[in-house]
Amino acid sequence: SRSTKLILLGAILALSIWGPAVQAGNPGESGMLSLRMGVGAREAAMGETGVASSHGASALFWNPANNVFADFQTELVLQHYNYLSLANQESAAVAHRVGSGVLGFVFSGLYWDSLDRRSEENVGVSEGTFKPYDVSFGASYAHPIGENFGVGATVKLVYEKIDLYTDTGIAFDLFVSHKALVEGLMFGASATNMGSDLNLYGEPFRLPTSFRLGASYIPAVEGFMRRFTFAGEIAFPNDTQEKGHFGIELSIVPELMLRGGTRMNYDNQGWTAGAGFRPIETLSIDYAYENSKIEGFSDGNKFSLTLHW
């Protein structure tokens, strides 16, 4: 309808205005950084790119607007992520086509290992242990505008608990996807984790808002036979300088994909690699290895299982 198109065009305008206005702050100014941990081992293996290359249930994190161009009816992804051998993230997402749009729900929880509780009075003396955790639950909807544009939005309930301190908030995401006239070329943009401050220990902190611009390309020329996917994007976080993400996927056979990537301008994150296996048409199993530059900490390992029908 005309009113629906006006609302969706308004979302594009809001995203285009907000993006250039992002101002980089200082590290530590934003909290609940688990909201930046992606869903999907495929995207993780490709240098954590996804704003233009993701599709299906994983795209609910990266850019659900991509799903208006994807060929599926319903898709479910389950993920386990071991982070620095200190925490585990469990995620689940489901996307379902409703008419010309796509509805989705995504859950993610990050659970740390036990930490020592210490007071300011008795420095160095343990007073027991506690386990911090973050939880988020989001609902999204994406809709096409014409034949070459898609827009999407997500609203998320977020909750964080650190020892005796807790807080709950609401975050919003906006997304745009564009299918270029050049066959195989896609563009995407996202503005994520916008919302009011959370408050722990009596001091407010910002959500980890970020703006991303990216592109992906699947060559359709003879010789490539759609075997390669190239993806790249630039991220503008609100608490540090801009970051670069680049990745590539090679389809050896329809049942086996190899992936690699890199993350640039990070102090603690390096290259990535992984593979995807599709034993049957309705099932995909993916793995991602994430190199860590932090001495003394383990690298990241991410596993995801996807069901599509």
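Tutor: Phe 107 lies in strand E3. The model is a predicted one.

Student: Why is Phe 107 called partly exposed?

Tutor: The relative accessibility of Phe 107 is 32%. Buried requires under 20% and exposed requires over 50%, so Phe 107 at 32% counts as partly exposed.

Student: Which nonpolar surface patch includes Phe 107?

Tutor: The patch covers about 920 Å², and among its members are Val 98, Phe 105, Phe 107, Tyr 111, Tyr 141 and Phe 172. Strand E3 gives the largest share, four residues. At least two residues each come from E3, E6, strand E7 (149-162) and strand E8 (165-179).

Student: How do you know whether Tyr 111 is buried, partly exposed or exposed?

Tutor: Tyr 111 has a relative accessibility of 35%, so it counts as partly exposed. For Tyr 133 the value is 25%, and Tyr 133 also counts as partly exposed.

Student: Why is the pair of Tyr 287 and Phe 303 called tilted?

Tutor: The ring centres of Tyr 287 and Phe 303 lie 5.0 Å apart, with the planes at 45 degrees. Stacked requires under 30 degrees and edge-to-face requires over 60, so this pair at 45 degrees is tilted. Tyr 287 is in strand E17 (residues 283-292) and Phe 303 is in strand E18 (residues 300-308), so the pair ties together parts that are 16 residues apart in sequence. Tyr 287 has a relative accessible area of 27% and is partly exposed; Phe 303, at 45%, counts as partly exposed.

Student: How many aromatic pairs are there by this rule?

Tutor: The count is ten aromatic pairs. Ring pairs also link Tyr 81, Tyr 83 and Trp 112 into a cluster.

Student: How do you know that the charged end of Lys 302 sits over the ring of Tyr 81?

Tutor: The charged end of Lys 302 is 4.4 Å from the centre of the Tyr 81 ring. The distance limit is within 6 Å, and the charge must also be within 35 degrees of the ring normal. The value of 4.4 Å meets the distance limit, and Lys 302 is placed over the ring of Tyr 81. Likewise, Lys 243 lies over the face of Tyr 266, at 4.9 Å from the ring centre.

Student: What makes Arg 42 and Glu 249 a salt bridge?

Tutor: Side chains of opposite charge can pair when their charged atoms come close. The closest N and O atoms of Arg 42 and Glu 249 are 3.1 Å apart. The limit is within 4 Å, so the two residues form a salt bridge. Arg 42 lies in helix H2 and Glu 249 in strand E14 (residues 243-253), so the pair ties together parts that are 207 residues apart in sequence.

Student: Why are Arg 42 and Glu 249 called buried?

Tutor: Arg 42 has a relative accessible area of 12%, and Glu 249 has a relative accessibility of 10%. Buried means under 20%, so Arg 42 counts as buried, and so does Glu 249.

Student: Which other salt bridge does Arg 42 form, and with what distance?

Tutor: Arg 42 also forms a salt bridge with Glu 43, with the closest N and O atoms 3.8 Å apart.

Student: What makes Ser 53 count as buried?

Tutor: Ser 53 has a relative accessibility of 7%. The limit for buried is under 20%, so Ser 53 is buried. Its place is in the loop between helix H2 (41-45) and helix H3 (59-62). Leaving aside neighbours within four places in sequence, Ser 53 is in contact with Arg 42, Asn 66, Ser 216 and Ala 231.

How values were computed
Residues are numbered from 1 along each chain as its sequence is written. This is a predicted model: local features need pLDDT of at least 70, side-chain atom pairs count only at pLDDT 80 or more; totals for chains, interfaces and linings use all residues. Side-chain values use heavy atoms; hydrogens and water are left out. Rings of Phe, Tyr and Trp (its six-membered ring) pair if their centres lie within 6.5 Å; planes under 30 degrees apart count as stacked, over 60 as edge-to-face and the rest as tilted. Buried means under 20% relative accessible area, exposed over 50%, partly exposed in between (1.4 Å probe, protein chains only). Patches are made of residues with over 30% relative accessible area and no salt bridge: like charges are joined within 9 Å, nonpolar side chains (Val, Leu, Ile, Met, Phe, Trp, Tyr) within 5 Å. Accessible areas come from the Shrake-Rupley method with a 1.4 Å probe; for residues, only the protein chains shown count as cover. A salt bridge is a side-chain nitrogen of Lys or Arg within 4 Å of a carboxyl oxygen of Asp or Glu. Contact means heavy atoms within 4.5 Å.
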